[in-house]
Amino acid sequence: ADAIRHEVGLPVPQQQPRSEDAEAKQLISYVLPVYNEAEGIKHFHSELTSTVAQRPEFSYEFLYVNDGSADGSLRILQDIAKNDSRVRVVDFARNFGHQIAITAGLDHATGDAVIVMDTDLQDPPKVSLQMIDAWLAGAEIVQARRRTRRDTPFKRFTAHAYYRLLRSCADVDIPVDTGDFRLLNRRAAEELRTFRERSRFIRGMVASMGFEQQELLFDRDERVAGETKYPMRKMLRLAADGVTGFSTAPLKLITRMGFVSLALAMVGIIYSITLRLFFPEITVSGWTMLMVVMLFLGGLQMLSLGVIGSYIGRIYHEVQQRPLYTVRDVIRHDEA
Ligand code: UDP
Ligand code: MG
């Protein structure tokens with residue numbers, strides 16, 4: 001992971017010299033994407049800090065990623081950072097999107113556990129304490145799964161349908177009804193950093209990594225302030241990234257259609273030739289040849305597209321450059 005950080009020009013985290021007292025404390029990092037949350041961010045930070053104050057046995061860092069907000073969120077974040085030494089703000093030069101903002105936060109996180117959560121209080125801070133408990137009990141990744149969500153019926157319905165569709169076609173087991181609210185232990189967070197693909201669907205990447213994943217049911221609250229930063233356009237793009245990033249089902253569909261249309265073409269060709277040979281009086285002149293050529297070429301083209309598609313699928317997997325495997329640990333003789 002440090003090699004990747006070096007490659008993308010990020011500071012390689014040094015093991016910071018911690019004070020005597022903090023030495024034994026484990027560090028929890030919060031990754032907090034912010035896009036135009038000026039109305040609620042201050043309230044969010046005080047909620048989060050008062051929640052984590054219930055767990056003084058850990059030290060914390062709060063990594064806000066300002067994703068090119070245009071509403072003065074940055075000013076407020078600077079204020080928050082001034083008053084709280086545990087806060088760091090990564091300020092994007094423009095809006096890059098939620099998934100990229102999370103990625104930047106993960107790149108900068110140095111904690112023993114990393115928690116990713118939204119900054120609109122839809123992901124309740126107290127649930128993150130339950131995640132920490134699950135992590136202490138041995139979970140490597142803790143996924144928050146929505147039991148209920150208070151969104152519009154339209155959003156609830158489309159999300160419900162989408163997660164099930166994705167599950168049916170994806171190559172990896174992407175859990176339903178989980179967003180990006182999760183905890184990753186240090187190992188899993190490091191591994192996730194090695195995924196550098198551009199169209200990012202983080203819940204898919206997490207699923208494809210493996211590790212001991214635990215689910216935590218929670219009730220998703222309403223937004224405290226402002227409105228959703230996921231308009232239809234962004235939601236559709238994310239949905240498409242999920243399907244194309246973790247499934248080659250659409251490509252396979254072309255191949256299947258190719259076989260079917262070629263088979264149908266054969267039937268059509270035999271039919272038109274039979275008609276021409278045995279009932280020449282009812283065939284219009286030129287029709288047989290036209291039908292044979294058209295059906296044959298149509299089927300052949302469909303099949304060729306499928307063949308090309310299967311190569312493109314391979315090329316696609318290569319350019320994604322995902323890690324070939326994820327290692328949890330290497331056990332040596334003297335440790336065993
Ligand atoms: N967000 C972001 N960049 C974007 C859109 C959203 O960083 O381009 C952040 C936003 O500030 C919030 C989180 O991502 O903390 C989730 O966004 P939102 O609450 O609007 O999504 P929803 O909960 O409606 O799906
Ligand atoms: Mg939200």
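Modeller: Start with Ile115, which touches Ile28, Tyr30, Val31, Ser128, Met131 and Leu183, leaving aside residues up to four places away in sequence. Two residues are in contact here if their C-beta atoms, placed from the backbone, lie within 7 Å. This is a predicted model, in which local features need pLDDT of at least 70, side-chain atom pairs count only at pLDDT 80 or more, and totals for chains, interfaces and linings use all residues. Residues are numbered from 1 along each chain as its sequence is written, while chains are lettered from A and ligands numbered from 1 in the order in which they are written.

Ile115 belongs to the largest nonpolar core, of 54 residues, and is listed with Tyr30, Val31, Leu32, Val114, Leu183 and Leu192 as touching the most other members. A nonpolar core is a set of buried Ala, Val, Leu, Ile, Met, Phe, Trp, Tyr and Cys residues joined through C-beta atoms within 7 Å. A residue is buried if 20 or more other C-beta atoms lie within 10 Å of its own, exposed if 12 or fewer, and partly exposed in between, with C-beta atoms placed from the backbone. Buried residues make up 27% of the 336 in the chain.

A record bears on this region: the UniProt annotation "domain: Glycosyltransferase 2-like", from an unreviewed entry, covers residues 29–192. UniProt positions are given in the numbering used here, feature names are shortened, and annotations may be inferred rather than shown by experiment. The span 29–192 is 43% helix and 25% strand, and its end C-alpha atoms lie 15 Å apart. Helices (H or I, at least four residues) and strands (E, at least two) are DSSP runs, numbered from the N terminus.

Next, the ligand. Around ligand 1 there are 16 residues, the closest being Pro33, Tyr35, Asp67, Thr228 and Lys229. β1 (26–34) and α4 (98–108) are the elements that give two or more residues to this shell. A residue counts as near if its C-beta atom, placed from the backbone, lies within 6 Å of the molecule.

Last, Arg86 sits in the loop between α3 (73–83) and β3 (87–91). Arg86 counts as partly exposed because it has 15 C-beta neighbours inside 10 Å. Apart from residues up to four places away in sequence, Arg86 touches Tyr60, Glu61 and Phe62.
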